[in-house]
Number of protein chains: 2
Amino acid sequence: MGEPAGIGGEIALKAWLSRGRGIPPFYLIDDPERLVLLARRLGWPAPVRLIDAPGQALAVFDEAVPVVPIGTAIRARSGRPDPADAPAILGAIETAVGDVQGGRAAALVTNPVHKDSLYRAGFRHPGHTEYLAELAGAPGHSVMMLVCPALRVVPVTIHLALRRAIESLSSAAIVHAGRVTEAALRRDFGIPAPVLAVAGLNPHAGEAGGLGREEIEIIDPALTELRGAGIDARGPLSPDTMFHAEARGSYDAALCMYHDQALIPIKTIDFYGGVNVTLGLPFVRTSPDHGTAFAIAGRGVARAESLIAALRLAAAMAAKRLASVLQPIEYDSV
Amino acid sequence: MGEPAGIGGEIALKAWLSRGRGIPPFYLIDDPERLVLLARRLGWPAPVRLIDAPGQALAVFDEAVPVVPIGTAIRARSGRPDPADAPAILGAIETAVGDVQGGRAAALVTNPVHKDSLYRAGFRHPGHTEYLAELAGAPGHSVMMLVCPALRVVPVTIHLALRRAIESLSSAAIVHAGRVTEAALRRDFGIPAPVLAVAGLNPHAGEAGGLGREEIEIIDPALTELRGAGIDARGPLSPDTMFHAEARGSYDAALCMYHDQALIPIKTIDFYGGVNVTLGLPFVRTSPDHGTAFAIAGRGVARAESLIAALRLAAAMAAKRLASVLQPIEYDSV
């Protein structure tokens with residue numbers, strides 16, 4: 001569900017309306033009544049069908065939007081969040097985590113939440129992802145990856161002022177991001193020998209110390225450690241020359257030192273189709289790479305490309321992960 | 001000429017070989033002997049013709065590469081610069097500046113130099129551009145712009161470690177870059193009412209102070225001053241969402257707070273065709289957006305797109321500047 005005052009409901013209905021075009025079957029954990037009203041107001045042929053258990057979604061999906069009800073009536077209206085909805089929003093996330101942890105669903109796709117409303121209701125996590133990590137029993141281990149067909153990027157530091165991102169950059173954080181990313185590329189993306197491109201922090205990757213020393217003092221030691229662990233990590237690369245089409249062909253993911261070093265190239269290349277993936281959780285989780293978009297919510301104009309890409313990628317990752325778990329069993333001849 | 005051990009000679013010959021495809025007539029200030037040998041070694045049909053004065057280039061250009069000789073034999077070989085060439089390299093730049101200042105040439109296009117060789121010969125300027133500004137009698141006033149068909153970017157701080165770029169960012173520098181850029185867009189690009197997009201420094205442009213205060217303390221006051229001067233300056237914009245195709249359509253140039261904020265998007269979009277333009281000089285100056293490329297010099301494989309784009313843009317800018325100087329003269333009826 002995500003934040004019900006945002007565009008989550010309408011992009012979910014749009015995704016369902018696009019079923020049959022390579023979109024995996026999904027179900028919503030939401031307030032069915034608000035979805036019925038939303039579809040009616042927009043004039044969209046999206047009938048809603050209540051289900052008791054995720055497994056029923058497969059039979060329903062062709063004909064109706066399968067919904068596991070959250071058991072509460074949502075009070076928010078489009079564009080106007082209501083803090084009274086916070087328990088229902090968090091409850092939907094908990095139900096979803098229970099479903100993927102319990103093997104009843106293959107992957108979790110989350111619609112955007114509005115942190116302010118949750119904070120006012122007593123939520124104490126820095127964000128959606130940290131809450132999921134805690135529910136999954138893996139706090140502090142997750143790594144964010146942004147994916148579009150042309151590029152995968154991993155910001156090593158994320159929501160920090162640029163000055164603080166530089167101060168907080170550490171070899172340990174780069175190594176952690178590199179290890180989690182490499183493991184995910186093998187297991188969830190089916191890449192047998194992943195190549196990581198590690199960006200410098202400074203212009204021209206510091207020009208051997210002339211334009212900054214973080215490459216020498218922080219990034220080089222991290223590269224040495226990653227290579228020591230058998231990971232093909234290349235760099236530090238000049239940040240401005242590593243994202244054009246030819247350069248992108250030489251690696252499977254780019255490790256970036258700060259938010260915009262990762263976000264500028266991917267949003268420049270593919271503004272509407274980017275997917276946010278949380279690596280390092282015990283289950284597959286993706287989300288669209290945008291916010292609640294209150295300003296346009298409820299009008300039916302929000303673009304569903306990112307949610308659709310998030311659904312497709314979640315399904316592809318879940319299939320790869322399953323394949324890597326289900327090793328072929330060799331029987332000795334009797 | 002630029003650095004004769006680099007790819008400058010061969011990309012200039014390639015540009016001449018592409019004549020007739022929208023490339024303006026140009027002449028080289030170079031050692032004619034080395035160009036003859038280079039063309040012969042590569043087997044390229046590029047005859048070299050010496051000229052005494054720039055004006056003769058027009059008559060020669062269709063049939064041969066017009067060259068104003070530097071009067072010295074170059075000692076460098078491809079890939080191997082020789083500090084003994086420094087006076088000739090600097091002399092070629094001085095001759096070129098004399099030609100544009102004297103009205104004998106419409107614009108100056110420079111091939112890349114290798115600063116190390118010049119420093120060893122006693123050169124004391126931080127770079128090519130600062131040297132040109134000094135020769136032009138306009139030290140400290142120039143502003144760098146990078147241009148490709150899809151985007152124009154102006155980095156307010158340039159070759160500084162990222163940490164130092166943040167420390168040195170000032171409202172005055174943003175206002176200076178904004179004023180010089182706006183004036184150039186009107187005069188040299190023929191845009192009657194230019195729109196400037198001003199990037200934030202921090203992720204999401206600081207989220208109203210939650211992710212850094214530079215937007216509030218440095219960028220907002222600069223925007224107020226620019227707007228007070230009648231300039232349509234918008235921002236501070238979230239750096240990650242301002243460079244995709246739709247967003248680019250809403251402004252004429254982006255003012256960026258640091259090197260990679262400007263260089264990552266433009267090199268991601270157009271790696272080979274970017275042009276470096278120096279604004280704020282008394283003449284039009286462009287250069288290809290790459291270095292000397294010693295590693296591939298002399299083999300004829302270097303791509304000439306950026307030099308060709310630099311020649312075309314210089315000609316277009318010179319034509320616009322001329323048109324803006326030659327105001328239509330209104331006669332009163334007698």
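Reader: What area is buried between chain A and chain B, and how much of it do carbon and sulfur atoms give?

Author: This is a predicted model. In it, about 3,000 Å² is buried between chain A and chain B, and carbon and sulfur atoms give 63% of that.

Reader: OK, and which residues of chain A lose the most area to chain B?

Author: Those are D240(A), I264(A) and T268(A). Together they make up 20% of what the chain A side buries.

Reader: How many residues are in contact across there?

Author: On chain A there are 35, in contact with 35 residues of chain B.

Reader: What about salt bridges, how many between the chains?

Author: The count is 4 salt bridges between chain A and chain B. One that I can name joins the side chains of R163(B) and E214(A), at 3.2 Å from N to O.

Reader: And polar contacts, how many residue pairs?

Author: Between chain A and chain B, 8 residue pairs are in polar contact, counting pairs with both residues at pLDDT 80 or more.

Reader: Now rings. How many aromatic pairs are there over all chains?

Author: There are 9 aromatic pairs in the structure. Among them, F123(B) and Y131(B) sit 5.2 Å apart, centre to centre, with 80° between the planes.

Reader: Stacked or edge-to-face, that one?

Author: The F123(B) and Y131(B) pair is edge-to-face, because planes over 60 degrees apart count that way.

Reader: Are those two buried or exposed?

Author: Both F123(B) and Y131(B) are buried.

Reader: And in chain A, which residues do ring pairs link into a cluster?

Author: Y119(A), F123(A) and Y131(A) are linked that way.

Reader: Last one: where does the charged end of R19(A) sit?

Author: Over the ring of W16(A), 3.6 Å from the ring's centre. In chain B, R19(B) lies over the face of W16(B), also 3.6 Å from the ring centre.

Definitions and conventions:
Residues numbered from 1 in each chain as written. Chains lettered and ligands numbered in written order. Predicted model: local features only at pLDDT ≥ 70, side-chain atom pairs only at ≥ 80, totals over all residues. Heavy atoms only, no water. Phe/Tyr/Trp six-rings, centres within 6.5 Å; stacked < 30°, edge-to-face > 60°. Buried < 20%, exposed > 50% of the residue type's maximum accessible area, 1.4 Å probe, protein only. Lys NZ or Arg CZ within 6 Å of the ring centre and 35° of its normal. Contact = heavy atoms within 4.5 Å. Buried area = accessible area lost by both parts, 1.4 Å probe. Polar contact = N/O pair within 3.5 Å; in protein donor to acceptor, adjacent residues only side chain to side chain.
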